[in-house]
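Here are some notes to read alongside the structure, written for someone meeting it for the first time. Please keep the view open and follow each point in turn.

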Amino acid sequence: MDIEYESVIGLEVHVQLKTKSKIFSQASTNFGANPNTQACAVDLGLPGVLPVLNKEAVRMAITFGLAVGARIENNSIFARKNYFYPDLPKGYQISQYEIPIVSGGSLDINANGELKKIRITRAHLEEDAGKSIHDLYENESAIDLNRAGTPLIEIVSEPDMRSSKEAVEYLKKIHNLVRYLDICDGNMQEGSFRCDANVSLRAKGSNELGIRTEIKNLNSFKFVEQAINFEISRQTQVLSKGNNVVQETRLYDPNKNQTRSMRSKEEANDYRYFPDPDLLPVEITKETITKIMENMPELPDKRKTRFMDEYGLEEYDVDILISEKSLSNYFEKVVKKVTCDVKFVANWMITELLALSNKHSILPANIPVSPSDFSCLINAISDKRISSKQAKTILEKMWKSGKSPDEIIDEEGFSQISDEGQINKLVDNVLKNHYKSVEEYKNGKDKLFGFFVGEIIKESKGKANPQIVTQILKEKLKDDN
Amino acid sequence: MENKTLTELTVELKSKKISSSELTKYYLEKIKKYDPRLNSFITLTEEFALKKASQIDTEISKGNFKPLSGIPIAQKDIFCTKGVRTTCGSKMLSNFISPYDATVIRKLNEAGTVMIGKTNMDEFAMGSSNETSYFGTVKNPWDLERVPGGSSGGSAACVSAGLAPCATGTDTGGSIRQPASLTGICGLKPTYGRVSRYGMIAFASSLDQAGVFAKTAEDCALLLTHMSGYDEQDSTSSRESVPNYLQECKAEFKGMKIGIPKEFLEGLDHDVHLIFDEAVKQLEKVNCKIVEISLKSSKLGVSAYQVVAPAECSSNLSRYDGVRFGHRTKDAENIIELYKKSRSEGFGDEVKRRILVGTYALSAGYYDAYYIKAQKIRSLISREFKEAFDKVDLIIGPTTPDVAFKLGEKLNDPIAMYLSDIFTVSTNLAGLPAISIPMGMKKNLPTGLQIIGGHFQESKLLSLAHEFQKMTDWHLQKPDNQKWI
């Protein structure tokens, strides 16, 4: 009989902190500068240099810890992780080992409609390495140390996830959280947010952990999902044949959609961790923690509940709005300036504004239409100055030109005629011109009603409010009975 | 001129009795004449020195006098000096020109000193005889057949031979005090954290401390005042305020309670013991109360040191991989070969030995047995010192068990070599300040008296040293240079 397997997944998430300077030097952390222009003596590991801890990185790590309900160590220790690699200038990475700054904590994820708690083992501060570039010169490798020394927190979860879907859900949750906390830009393409996945299988119902493999450096949600799925099916095959999974580090190749062995446990480095004698224990006082707690921004889960309670929005809509901090901020700015129903704003943002940002591949944070212009547009619709159809055209023009809706309405004569007196006249004119058709209508040719509406709108050059036209037309045709 | 102390020289410079240029030329010429036999310098910075000296002279003529204006100084080649080759006594860095100044160098420059050259040393400060230098052995000015001690052997030898009025050094397990003792001069190792380590090439970061060599305790005090202080580039440097050590060491001496650990007298050469007893008698004359104490764990000092120092060094020296600076092998097929060959070619035997020992001590499965245990011994030693300083003001003993040994005598016997630091390592493990001053001669060779103080008690130990030097003239004796020409 076939054994049914359960997959067990834990993630190590590497989050680049948004500090201006590096974790142990004063060099800038900006992305994309010319190679090796943002590496100072300390980053280059020159003889005699010493690291000095960036306090802002510590504050950000504490912020994360507090946001996931973790314990903040008041004397955490930096340790050296020793290994040779060309883009690791000192021959060791300064990291934390025995006493990390953040330990214990959890995040709730949505697993098949139910809340599931994913435990966070620890989060520690460390420095990023530089980059090796192998495809620039024919027989040589190049090294760019701009990234060397960029602060990271590595967030290690317990093996609490049971599917690639849960893993992605958890990863998205952290991705969203670090941007709400404003400690990471979340840019996965630039490597600001990446993860390693530990995957193992065990017989369903068992409490023991199977032998795991670690998939390194996954830098998109899609890759995380695909890599884990591949690994689950690969391990299932291995186990089904009665073989053992080999404990090893694997690499995911997105082009082939498969993982391949990088190094086995035997080949693994002995990192010879020991406390870094160049750095003192990181002393964190209660006052510091209290201060950070007081300045903590509203977290996504809390904002979700508030949006549902305060605005009476559906969970589905709220999930979309809070999926990006900038989007939910945008929403609240618009809501403050409109007179209409909040649901109407949510609909317009989700169906129109987000559609445009998808179409133009623009991140919600970079939407070129300001919340105040967008609220003017919403008000123009709800005041019936323009039709929904017109509004869509205007929004596209606003997106491209950066002009306010009023400018576009004025310039292009978009405003809607809702004045009943004016529409009365238009209706009278059309009915007079088509008196034969009116008779046919009265004799039962109902279809002609649409024709009259069309003619009236045409007469108004498209500006007549169709709802008012319909209303008045109905009355007129009744009156003449 | 060479018998003048720094304090005397600064008076003459200030009163324009002598110019910095004259003084600098005087020492440079002496170096050229005598150093070929002594080998105490790796790099002479003549052009740099003469330019700086003439700038200082201009400043002095304008009435702008800094505390050490115009004083020539020799810098141990472990301190990074901008634009000047900094080798650390190694082939690995024989082509390394630092783009920045160490904090010690910057501070001494700002105080007005004139660097005349970079001194020879054991490779990466690993050694007690100066025989591990890639740039050749340094000789002891008192007997050219003997070692000057190490690792700061070049600095000690040049001051002892009168080729420089003062020099910097570094002390990880005795590297200032032991050579000071063997060459008959004063060598001060301050409290860990007193002087910034920024720009001082790391050997064992938790033990390394910069200090000075000079002829008198007063001169050490003067130099220390202008090297010390918190440095924001060194997280382990102390915020403890810096007193005027010169003034404090010259303040009226009112007697002290001094402890002699019985462990420091074990395994001691008989003659050195007699010389030490004589020194103790001198101290008793100036109202010092001598008591016997015990520092039981200090016997474990060398063992603990030989785990902690190599462990840290194995990590500190990983950066010398041939990738960005320093020696790179000429032929390597791949990156692993580049590492292996560059490091095999660039490092000497003693450095390799310590990297191996340290790597082993930190390895999985051995870490607890070696590194953690050594750290526990370290805490024990610190505690014993602390308890001792509850009872006494200072602790004294001979700096080394015997006088300078012959060249080559201990080179192939690492254990014997390591034991020459037996009285000095425990102060590094505890981070305490200590000084070695000349206390007498065994035949024609100097011996040193070590004075150890509690944390940041430099003034106290300098004060005792100064008092001793008021009563004795061992520090004024000098080797006969004429013999070697």
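1. Let us begin with the terms for helix packing. Axes are lines fitted to C-alpha atoms, for helices over the stretch in contact, and angles run from 0 to 180 degrees between N-to-C directions. Helices (H or I, at least four residues) and strands (E, at least two) are DSSP runs, numbered from the N terminus. Please note that this is a predicted model, in which local features need pLDDT of at least 70 and side-chain atom pairs count only at pLDDT 80 or more, while totals for chains, interfaces and linings use all residues. Residues are numbered from 1 along each chain as its sequence is written, chains are lettered from A and ligands numbered from 1 in the order in which they are written, and side-chain values use heavy atoms, with hydrogens and water left out.

2. Look at helix 3 (residues 164–180) and helix 6 (residues 300–311) of chain A, whose axes come within 10 Å and cross at roughly 90°. The two helices are therefore roughly perpendicular to each other; angles under 35 degrees count as roughly parallel, over 145 as roughly antiparallel, 65 to 115 as roughly perpendicular and the rest as oblique. On the helix 3 side of chain A, K173(A), N176(A), L177(A) and Y180(A) meet P300(A), D301(A) and R303(A) of helix 6 of chain A (contact means heavy atoms within 4.5 Å). Sorted by class, this contact of helix 3 with helix 6 of chain A has 3 nonpolar, 1 polar and 3 charged residues. Here Ala, Val, Leu, Ile, Met, Phe, Trp, Tyr, Cys and Pro count as nonpolar, Asp, Glu, Lys and Arg as charged, and the others, Gly among them, as polar.

3. Next come helix 10 (residues 371–382) and helix 11 (residues 388–401) of chain A, with axes that come within 10 Å and cross at roughly 165°. That makes helix 10 of chain A roughly antiparallel to helix 11 of chain A. Their crossing is right-handed; a crossing is left-handed if the near helix is turned anticlockwise from the far one by less than a right angle, and right-handed if clockwise. Helix 10 of chain A contributes D373(A), F374(A), L377(A) and I381(A) to the contact, and helix 11 of chain A contributes S388(A), A391(A), I394(A), L395(A) and M398(A). These residues divide into 7 nonpolar, 1 polar and 1 charged.

4. At what angle do helix 13 (residues 420–433) and helix 15 (residues 448–459) of chain A pack? The angle is about 120°, with the axes 9 Å apart, and the two helices are therefore oblique to each other. Helix 13 of chain A passes helix 15 of chain A in a right-handed crossing. The residues that make the contact include L426(A) and V430(A) from helix 13 of chain A, and F452(A) and I456(A) from helix 15 of chain A. By class, the contact of helix 13 with helix 15 of chain A has 6 nonpolar, 1 polar and 2 charged residues.

5. Chain A also has an open sheet of 3 strands in the order 5-4-16, with antiparallel pairing (two strands pair if DSSP finds at least two bridges between them). Strand 5 (92–96) and strand 16 (274–275) of chain A are the edge strands, each pairing on one side only. Strand 4 (residues 78–82) of chain A is joined to strand 5 of chain A by 5 bridges, and A79(A) has S95(A) as its bridge partner in strand 5 of chain A.

6. Leaving aside residues up to four places away in sequence, S7(A) touches M161(A), R162(A), S163(A), S200(A), L201(A) and I232(A).

7. Now move to strand 4 (residues 166–171) of chain B. 6 of its 6 residues are buried, so strand 4 of chain B is largely enclosed by the rest of the structure. C166(B), T168(B) and T170(B) point one way, and A167(B), G169(B) and D171(B) the other. Strand 4 of chain B pairs with strand 6 (residues 209–214) of chain B in the antiparallel sense over 6 bridges, and G169(B) stands opposite G211(B).

8. Finally, some backbone details in chain B. A125(B) has a positive phi of about 65° although it is not a glycine, and A125(B) is buried, with a relative accessible area of 3%. N287(B) has a positive phi of about 70°, but N287(B) is exposed, with a relative accessible area of 55%. The peptide bond from G150(B) to S151(B) is cis, with omega near 10°.

Key. Buried < 20%, exposed > 50% of the residue type's maximum accessible area, 1.4 Å probe, protein only.
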